[in-house]
Amino acid sequence: MRTDASSETLPTSAPQAPVRVIASAQSWVEGEAVRQLEAMARLPGMKLAVGLPDLHPGKGAPVGAAFTSEGFLYPYLVGSDIGCGMGLWNVDLLARKAKPERWAGKLDLEGPWTGDTEGFLQEHGVKSSGYEAALGTVGGGNHFAELQRVDAVHDAKVFSALGLEADRLLLLVHSGSRGLGEAILRAHVDRHAAGGLADDSPEAQTYLTRHDHAVAWGRANRALVARRMLDGIGAMGQRVLDVCHNSVTPRRDTGRTQWLHRKGAAPSDEGPVVIPGSRGALSYLVIPTGESHASAHSLAHGAGRKWTRSAARERMRERFTAESLTRTAFKSHVVCENKDLLFEEAPPAYKPIDRVVTDLVEAGLVRVVATLAPVLTYKTRARPE
């Protein structure tokens with residue numbers, strides 16, 4: 001594990017806060033991502049900056065990172081998709097009865113849900129946002145809804161305690177607050193650019209109120225995506241876990257309030273977590289272990305991008321047809337009718353998930369409970385012109 005970057009090993013422009021990159025020598029971490037991590041560590045009030053094994057460059061701030069600050073909080077570090085996270089559902093359908101080809105032909109999660117969105121939100125204790133037309137939709141980028149089968153169980157006790165059965169399907173949903181989170185960040189950036197907010201200021205309290213609403217809305221959105229997905233395959237499901245990986249939350253580990261920012265980082269203090277690979281790789285169900293202060297109470301949230309989207313489009317078009325990318329090495333199906341997105345999200349554009357998880361295991365941060373293989377990954381249908 002790469003440890004603290006202290007003033008003895010950094011140039012004179014050393015960051016004000018300690019910087020840790022939790023990754024082995026076998027892991028590839030782009031230098032620009034580390035530079036961004038160090039730049040964020042120089043922000044006023046910053047106490048710790050941590051890069052996880054899926055660390056990669058973002059728009060000004062790295063993804064796959066967690067930061068603690070005191071006296072200030074930074075909406076820019078949370079980003080536009082406030083409340084983005086992953087939920088896992090136990091599906092009451094045997095894996096051997098899966099019909100991925102048939103389901104791929106008929107599943108459609110685009111467009112507004114035709115049910116009672118206001119009632120659904122009330123049921124989940126969430127107020128309306130004005131963005132209900134997007135409630136129950138996956139969104140773009142790396143978001144997805146994926147039916148999975150159990151590949152292997154490594155910790156039967158924890159696996160059973162979660163109510164899981166090795167012969168049944170699971171559903172993993174990765175989505176967030178859609179346009180709501182983007183509007184909240186835009187309102188902040190219009191007034192403060194990438195600057196932070198004093199945590200005792202009215203502006204900070206306004207942001208936190210809106211932030212918490214977006215986090216709750218994102219969780220409800222994942223639940224509705226799952227409902228639409230399960231309705232589409234004629235099954236029922238029960239949520240096993242739901243974690244947020246874009247947020248800022250208060251902590252009092254030191255007796256004083258500090259702010260933990262996660263940007264593409266799963267929590268290590270809320271129980272089991274699923275760390276997905278690319279759509280052509282395994283996902284890992286893990287349980288956090290050991291003391292997590294040094295990792296900012298955070299874990300990798302996925303494989304992390306290896307190539308930019310533009311580079312992935314160029315490279316994948318040279319090697320594959322769009323049609324070939326709708327099937328994977330696991331013989332799973334991919335529903336993605338946006339060809340640019342299909343190339344951008346191709347498995348080679350991501351880091352190897354087994355290396356990411358191995359780094360976390362070797363750092364003493366997780367234990368693997370089970371591996372999950374893709375059966376059907378839903379991303380998007382084509383939108384009418």
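Biologist: Where is A193 placed?

Modeller: A193 is in the loop between α6 and β8 (197-198). Helices (H or I, at least four residues) and strands (E, at least two) are DSSP runs, numbered from the N terminus. Please note that this is a predicted model, in which local features need pLDDT of at least 70 and side-chain atom pairs count only at pLDDT 80 or more, while totals for chains, interfaces and linings use all residues. Residues are numbered from 1 along each chain as its sequence is written, and side-chain values use heavy atoms, with hydrogens and water left out.

Biologist: What is the phi of A193?

Modeller: A193 has a positive phi of about 55°, although it is not a glycine. Most residues other than glycine have a negative phi. H297 also has a positive phi of about 55° and is not a glycine. H297 belongs to the loop between β14 (283-288) and β15.

Biologist: Let us change topic. Which residue does UniProt list for "active site"?

Modeller: The UniProt record, an unreviewed entry, lists H301 under that name. UniProt positions are given in the numbering used here, feature names are shortened, and annotations may be inferred rather than shown by experiment. H301 lies in the loop between β15 (298-300) and α8 (309-319). H301 counts as buried because its relative accessibility is 9%.

Biologist: What is H301 in contact with?

Modeller: Leaving aside neighbours within four places in sequence, the contacts of H301 include D54, V63, M86 and H245. Contact means heavy atoms within 4.5 Å. The side chains of H301 and D54 are joined by a polar contact of 2.7 Å. A polar contact is a pair of N or O atoms within 3.5 Å; within protein, one must be able to donate a hydrogen and the other to accept it, and residues adjacent in sequence count only if both atoms are side-chain atoms.

Biologist: Now the open sheet: what is the order of its five strands?

Modeller: The order is β1-β2-β3-β11-β10, and the pairing is mixed. β1 (19-21) and β10 (246-251) are at the edges with a single partner strand each, so one side of each has no neighbour in the sheet. Neighbouring strands in this sheet are turned by 15° against each other on average, direction ignored. Axes are lines fitted to C-alpha atoms, for helices over the stretch in contact, and angles run from 0 to 180 degrees between N-to-C directions.

Biologist: How many bridges join β3 to β11?

Modeller: Five bridges join β3 (residues 63-69) to β11 (residues 258-263), and the two strands run antiparallel. Two strands pair if DSSP finds at least two bridges between them. The bridge partner of A65 in β11 is K263.

Biologist: What does helix α1 lie across?

Modeller: Helix α1 (residues 31-40) lies across β1, β2 (46-56) and β3, at about 165° to β2. In α1, A33, Q36, L37, E38 and M40 are buried. The elements covering these buried residues include β1, β2, β3 and α2 (75-78).

Biologist: Which residues have the most contacts inside the largest nonpolar core?

Modeller: They are L171 and Y207, in a core of 44 residues. A nonpolar core is a set of buried Ala, Val, Leu, Ile, Met, Phe, Trp, Tyr and Cys residues joined through side-chain atoms within 4.5 Å. α7 gives the most to this core, with 13 residues. Not counting residues up to four places away in sequence, L171 touches, among others, G87, L88, W89 and L230. Another core, of 41 residues, lies apart from it and has A66, A266, L282 and L299 among its members.

Biologist: One last item: how do β16 and β17 pair?

Modeller: β16 and β17 (residues 366-380) pair in the parallel sense over four bridges. The bridge partner of H333 in β17 is L376. Both faces of β16 (residues 333-336) are covered, with H333 and V335 buried on one side and V334 and C336 buried on the other.

Definitions and conventions. Buried < 20%, exposed > 50% of the residue type's maximum accessible area, 1.4 Å probe, protein only.
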